[in-house]
Amino acid sequence: MDWAKNVFVRNAKLYQLVLEGLWERGEEDAVAISSYLSQEGLKGCKILDVPCGIGRLAIPLARLGFEVTGLDLSPHLVGVANRKADGFKLTAGRTNFLVGDMRELGSMFPPSSFDAVLNVFTSIGYGTEEDDLRFFRDAQAVTRRGGSLLVSGLRNRDYIVRNPSQNVYEESDKLLVLDNYSFDQSRSREKGLWRFYLKRGAKSGEALTFAGEFPVDIRVYSPHELVARLEASGWSVKETFESFVTRSPCRADSPVYAVAAKAV
């Protein structure tokens, strides 16, 4: 997890700009997730959003009537989330943002504390396979029986095998992020660099200033691999989609996918 701490904790102010640029997407995800949870009989339920970042999912869900606890490794991002919640004038108890490690849920919350756990825009594969299993087990322990785990934004190994070298970018009004990946098929790990460029000047003819370069190393899973790990951790997998927004079936040529599971 050292590379992840370097990006999300030590350089959190820079990564905040990435999340700010994704705020509208978070609102869209919140509406889709609210619809799915309501369909599962979990309207207005208690949610754990982990990692929560700046609250781009938790705050819209709270505004839709859910009671949301957000957990993130970054003190800076949690501070931003709390300030944003104050800015939206959410009532006391509607949101609660905490600093903590997603691998230590079992020591942070009593059993059956939540009706649903969300891992959106994902962080699965950022550490070891055992880290992922520990998260799934602890998430199951803190979710009441019959509650849900929703994971989305997972990069699809089946797609990556067919497209091993990739250049991806994310852009907002303040930042451009260039991602260059290569795939180690024998270890199923995607390695590469995230390069951050700050935008400066007028929108017409903006200048880019290099702000940092960060190595990444991510374990990627095929949908069947992730399903097997969830089922070994006490979850019953209900469905896999491309996303909760479209609910289109996940296929081998889907770049990303989402999983919905129930605690049993």
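How do S8 and strand S9 pair, and over how many bridges? S8 and S9 (residues 207–219) run in the antiparallel sense, and they pair over 12 bridges; strands count as paired if DSSP finds at least two bridges between them.

Before going on, a word on what you're looking at. This is a predicted model, in which local features need pLDDT of at least 70 and side-chain atom pairs count only at pLDDT 80 or more, while totals for chains, interfaces and linings use all residues. Residues are numbered from 1 along each chain as its sequence is written, and side-chain values use heavy atoms, with hydrogens and water left out.

Let's step back to the whole protein. You'll find nine helices and 11 strands in it; these are DSSP runs numbered from the N terminus, helices being H or I with at least four residues and strands being E with at least two. The C-alpha trace spans about 55 × 50 × 35 Å along its principal axes. Of the 264 residues, 52% are buried, where buried means under 20% relative accessible area, exposed means over 50%, and partly exposed is in between (1.4 Å probe, protein chains only). As for contacts with a separation of 6 or more, 68% of them link residues 24 or more positions apart; a contact means heavy atoms within 4.5 Å.

Now back to those strands. S8 (residues 189–200) also pairs with strand S7 (residues 175–184), again in the antiparallel sense, over 10 bridges. Asp184 has Arg189 in S8 as its bridge partner. Four residues sit between S7 and S8 in this hairpin, and Ser188 in the turn has a positive phi of about 55 degrees. Over on the S9 side, Tyr197 stands opposite Phe210.

Ser112 counts as partly exposed because its relative accessibility is 45%.

Finally, Thr122 lies in the loop between S4 and helix H7 (129–141). Thr122 isn't a glycine, yet it has a positive phi of about 50 degrees. Is Thr122 buried or exposed? Thr122 has a relative accessible area of 12%, so it is buried.
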